[in-house]
Amino acid sequence: MRIAVVGGTGTIGSAIVKELASDAEVLVAGRSAARDLHIDITSEESIESFFKAHGSSLDHVVVACGDVSFAPLDKLNSDLFRVGFNSKFLGQVNVVRIGSKYMRNGTGFTLMSGILSLHTVKASSAAAPINAAIESFAKASSLELLERGIRVNVIAPCLVSESAAAYGPFFQGFIPLPAATIAKTYRRSVYGGITGETLYILGGEGQYVLKH
Ligand SMILES: NC(=O)c1ccc[n+]([C@@H]2O[C@H](COP(=O)([O-])OP(=O)(O)OC[C@H]3O[C@@H](n4cnc5c(N)ncnc54)[C@H](OP(=O)(O)O)[C@@H]3O)[C@@H](O)[C@H]2O)c1
């Protein structure tokens, strides 16, 4: 199994790399030259050259990056909405759309959303819908890619313990989990045979599901 983790040096990405590397060849991909492989998901040219060079040799691509804006509704503007659209949404869409042309049949993608699509918080009016859009994209695109046995799933992590100092004030009442625990869920997408699914990691011992 040869897996590329885009954003593999990040808080969640580095834990995914560590988890998957125990029994697979894992390549760290990202924007900076220090990575094994170079890719910037905000550039179609970069995605195209990444997959042209490496796509046919990869069994699975995990994306663990994508920027979104956090701000109260009355401070948001179109540019702040476009941050998430261009980076986290269109970036991941283009990884699948362009990457699937080069990937072999029977391979797969695991994309990144976040718990905000299920449990919104204040200041998430720009971030939450981006997560929901990625989940919807995975569901729709997997219908067509299934013909080639290419799978597309999404992981929606809860607040990560390592990020709690930075994001905790937004996430009152959420019990974070260590990135290493979240990373274990990636095995379900990479090896579990599922497609079009979003795996929600609800949080620590206080996890709950809201029924609307
Ligand atoms: N942290 C949390 O609590 C949490 C919870 C739920 C969901 N999420 C989501 O998980 C994702 C990652 O979060 P994180 O906290 O792990 O982020 P992070 O620590 O900032 O790491 C981001 C990683 O992605 C790479 N990267 C950034 N932009 C890129 C681009 N355009 N193309 C390729 N690589 C890029 C970065 O490396 P380079 O700068 O070298 O490219 C870095 O390795 C985000 O989409 C976030 O919304 C995070």
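A crossing of two helices is right-handed if the near helix is turned clockwise from the far one by less than a right angle. The views below show a predicted model.

**View 1. Helix H2 packs against helix H3 in a right-handed crossing.** The axes of H2 (residues 44–54) and H3 (residues 78–102) come within 9 Å and cross at roughly 30 degrees. H2 is therefore roughly parallel to H3, since angles under 35 degrees count as such. From H2, the residues Glu-44, Ile-47, Glu-48, Phe-51 and Lys-52 meet Asn-94, Val-95, Ile-98, Gly-99 and Tyr-102 of H3. Five of the residues in this contact are nonpolar, two are polar and three are charged.

**View 2. The open sheet contains seven strands with parallel pairing.** The strand order is S3-S2-S1-S4-S5-S6-S7. S3 (37–38) and S7 (198–200) stand at the edges with a single partner strand each, so one side of each has no neighbour in the sheet. S2 (residues 25–30) pairs with S3 in the parallel sense over two bridges, and Ala-29 stands opposite Leu-37 in S3.

**View 3. A shell of 27 residues surrounds the ligand.** The closest residues are Gly-7, Gly-10, Arg-31, Cys-65 and Gly-114. Helices H1 (11–20) and H3 are the elements that give two or more residues to the shell, and H1 gives the most, with three. By class, the shell comprises twelve nonpolar, twelve polar and three charged residues.

Terms used:
Residues are numbered from 1 along each chain as its sequence is written. This is a predicted model: local features need pLDDT of at least 70, side-chain atom pairs count only at pLDDT 80 or more; totals for chains, interfaces and linings use all residues. Axes are lines fitted to C-alpha atoms, for helices over the stretch in contact, and angles run from 0 to 180 degrees between N-to-C directions. Helices (H or I, at least four residues) and strands (E, at least two) are DSSP runs, numbered from the N terminus. Angles under 35 degrees count as roughly parallel, over 145 as roughly antiparallel, 65 to 115 as roughly perpendicular and the rest as oblique. Two residues are in contact if their C-beta atoms, placed from the backbone, lie within 7 Å. Ala, Val, Leu, Ile, Met, Phe, Trp, Tyr, Cys and Pro count as nonpolar, Asp, Glu, Lys and Arg as charged, and the others, Gly among them, as polar. A residue is near a molecule or strand if its C-beta atom, placed from the backbone, lies within 6 Å of it. Two strands pair if DSSP finds at least two bridges between them.
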